[in-house]
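Me: Please take a close look at one part of this model, the interface between its two chains. I would like one connected account.

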Amino acid sequence: MRDLLILRVVTKLLMPFILIFALYVQFHGDYGPGGGFQAGVIFGAGFILYGLVFGLDDLRGVLSSDVLRAGFALGVLIFAGVGVAGLLLGGNYLDYNVLAHDPVHGQHLGILLIEFGVGVTVASVMVSIFYYFAGRER
Amino acid sequence: MAVAVIGIVRARNLFVVVMLAGIYSLLAATIFVILDAVDVAFTEAAVGAGISTVLFLGTLALTTSEEKKPVHNAWISLAVVAVTGAVLIYGTLDMPRYGDPAAPANHHVVPEYLEGGPEKTGIPNVVTAVLASYRGYDTLGEVTVIFTAGIGVVLLLGRWRAHRRETEAAEEEA
């Protein structure tokens, strides 16, 4: 699909908006609808669109599969690490109240961090499943 | 949606089936919006209509896009589906009506979440507060499931590719 000019231009125009929207859904999830899962799939869908139009090799130049594989683990580690941080600061596992001086601030910080972890894992898993399916040959 | 489902069942060309399934997911997403479940609608539209359609198309590119004629009798399957559906519908008869204020779901812990949630967590979106704070363990479990799915795909398909690369290198040497 590399030669289709309209697809290429429209994709290039849409990409920044898709990614910004994903980040908005990610970090505005506390106030409006959204959160890590939704942001992760939107982010992943943006990269999959890029891969569909410009080919897998170009996409690999942007996001290599090693980075994605690290992303799988990084997201889960962020989530679990926030839980351990709560333990170290004297609370229960995944207790965000102790993360900051004020319990409400702690909740904010904890939820922001774990949603980020969720988003990283979901986005990298989505894009790499696409890699492995689309990268196979008959 | 019913039209899309009938089309999926009738069509023999799998490309048509994949497209109809995408349309079905998009319609399901609009239903979620109507039910005020915008978070779920996001996910349904992105995963159901977007990513899974792409994965189906990738699979079709690897296999064939025409469905083979079924060899077994379809009536047995139809009977099993009809009986299961009837049992499931019978099961819903006991459930409280949609939006019933006396339903157990609106009594148990929900009032505390709705009233205490925004105050205790400082987060106006109750869905996020429940998902990340009250139900943190569940969400950690869900992320682990996604992580495991990703690892599974890498192990199953990634090893196959590495193996093929090795055999190709061996063939070139020979």
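Reply:

**The interface of chain B and chain A**

Chain B and chain A bury about 4100 Å² between them, 75% of it on carbon and sulfur atoms; buried area here is the accessible area (1.4 Å probe) that two parts lose on being put together, summed over both. Helix 3 (38–62), helix 5 (110–121), helix 6 (126–134) and helix 7 (136–173) of chain B each supply at least two residues of the side that touches chain A, helices being DSSP runs (H or I, at least four residues) numbered from the N terminus. Helix 7 of chain B gives the largest share of that side, 17 residues. By class, the side of chain B that touches chain A has 25 nonpolar, twelve polar and six charged residues, where Ala, Val, Leu, Ile, Met, Phe, Trp, Tyr, Cys and Pro count as nonpolar, Asp, Glu, Lys and Arg as charged, and the others, Gly among them, as polar.

The model is predicted: local features need pLDDT of at least 70, side-chain atom pairs count only at pLDDT 80 or more, and totals for chains, interfaces and linings use all residues. Residues are numbered from 1 along each chain as its sequence is written, chains are lettered from A and ligands numbered from 1 in the order in which they are written, and side-chain values use heavy atoms, with hydrogens and water left out.

In total, 43 residues from chain B and 45 residues from chain A take part in the contact (heavy atoms within 4.5 Å). Between chain B and chain A there are zero salt bridges (a side-chain nitrogen of Lys or Arg within 4 Å of a carboxyl oxygen of Asp or Glu).
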